[in-house]
Amino acid sequence: MAMLRGGIPLGTIFGISVRLHWSWFIIFFLVTWSLAAYYFPDAHPDWSRATAVVTALATSLLFFASVLAHELAHSVVAMRAGIPIHSITLFVFGGVSQMTREPGQPEIEFRMALAGPLASLAIGGLCWGIWWLTRDVNEPVAAVAAWLGWINVVLAVFNLIPGFPLDGGRVLRSIIWWRNKNLRSATRTATTIGRGFGYLFIFGGIFLVFFGNWIQGLWIAFIGWFLENAAVGSYRQVALHDMLQGHTVSEVMTRECPRVSPKLSLEQLVHDYILNSGRRCFPVVENDRPLGLVTVHNVKAIPRGLWAVKTVTDAMTPFDQLKWVQAGDDLSTVLQLMTDEDVNQLPVLQDGNIVGMVARDNLLSFINTRAELGM
Ligand SMILES: [Zn+2]
């Protein structure tokens, strides 16, 4: 999910970077506040305010640890199936594991999708066990365990709703995919059901707002809106992948790439190359040896006042740090690479030379032309 890029890095676990998206703070505050101000004081009027606040903080931190454990369960199963996981991001609606690619087989998707809810159920059961053991011994610990037991089961059940991209929707997709061997049509069915649930949540939320329960109503409507959007986005992504698959870089790449010298000043680059060619990206070559790539993005990173004195060498991405593709590479993997690396274009290499460029625009016009011709 592109909207979840960035975030505050918390650390690495099993080689996966764990991040907090800014929106996470909203839900963390809401959960802690509702526990400290309402839930614990209502259930335990004899507690001091400090006890309620500390217990609430501990509860919400452990709640987010359980969300993380749910995502880790998905990720560990994925990694054991050979799918690298880029990162796990916690955000306002829970957690999301950023896979570097979609699972290639329905059996793998089935296991991956089920792992999260199963982990949540296991944590829920464990918490209820702790509640049972501590209920006469330590009241705050028992209260934390009871709430966590309940919320983890809710988390598992919610995620098992059979609408893509929820876990249950992934399970459903994997079953349809396994039966009819067609990923795209399986995705269409699972995302249509996902959108249906999205609308159900939106209308259910609005209904609640009209009956005076406006905080919960808005919240549910907001979750519905998010689900609907995510379902549409997921289908589009799969359809796109499907359209590009089987076509190679050589079909769309730009071959005339104005090469520039490493000694050129940025001022000259901007005036003599960028402004009058409309191109945004230039291979840097000296004596037929590629040194790197300079883009509008690179130039913008250098303060304008320095353009006259800084050269292309100062701004370029050196060759050894460059991601590149080959003319025979499949377009679907190229799009994936652009998304992973967050770049808009990639140089095309052949025998150690930059022979052209492939940009997002090339892929888009390729798709648009085919869509227009109904292919
Ligand atoms: Zn999940």
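Buried residues make up 34% of the 375 residues in the protein chain. A residue is buried if 20 or more other C-beta atoms lie within 10 Å of its own, exposed if 12 or fewer, and partly exposed in between, with C-beta atoms placed from the backbone. This is a predicted model: local features need pLDDT of at least 70, side-chain atom pairs count only at pLDDT 80 or more, and totals for chains, interfaces and linings use all residues. Residues are numbered from 1 along each chain as its sequence is written.

**Overall layout.** The protein chain has 12 helices and 10 strands. Helices (H or I, at least four residues) and strands (E, at least two) are DSSP runs, numbered from the N terminus. The C-alpha atoms fill a box of roughly 80 × 55 × 45 Å along the principal axes.

**Domains.** The bounds below come from an automatic or database domain assignment.

| Domain | Residues |
|---|---|
| domain 1 | 2-244 |
| domain 2 | 249-372 |

Taken over C-alpha atoms, the domain centres are 39 Å apart. Six residues of domain 1 are in contact with eight residues of domain 2. Contact means that C-beta atoms, placed from the backbone, lie within 7 Å. On the side of domain 1 that touches domain 2, three residues are nonpolar, two polar and one charged. Here Ala, Val, Leu, Ile, Met, Phe, Trp, Tyr, Cys and Pro count as nonpolar, Asp, Glu, Lys and Arg as charged, and the others, Gly among them, as polar.

**Cores.** A nonpolar core is a set of buried Ala, Val, Leu, Ile, Met, Phe, Trp, Tyr and Cys residues joined through C-beta atoms within 7 Å. The largest holds 55 residues. Phe40, Ala115, Leu148, Phe201 and Leu227 touch the most other members. Leaving out residues up to four places away in sequence, Phe201 touches Ile220, Ala221, Ile223, Gly224 and Leu227. Another core, of 29 residues, lies apart from the largest one and includes Val299, Ala315, Val325 and Leu346.

**A helix pair.** Helix α7 (residues 214-244) and helix α11 (residues 331-341) have axes that come within 7 Å and cross at roughly 135°. That makes α7 oblique to α11. Angles under 35 degrees count as roughly parallel, over 145 as roughly antiparallel, 65 to 115 as roughly perpendicular and the rest as oblique. Leu240, His241 and Leu244 in α7 meet Leu331, Ser332 and Leu335 in α11.

**An exposed tyrosine.** Tyr38 sits in helix α1 (residues 24-43). Tyr38 counts as exposed because it has 12 C-beta neighbours inside 10 Å.

How values were computed. Contact = placed C-beta atoms within 7 Å. Axes fitted to C-alpha atoms, helices over the stretch in contact; angles between N-to-C directions.
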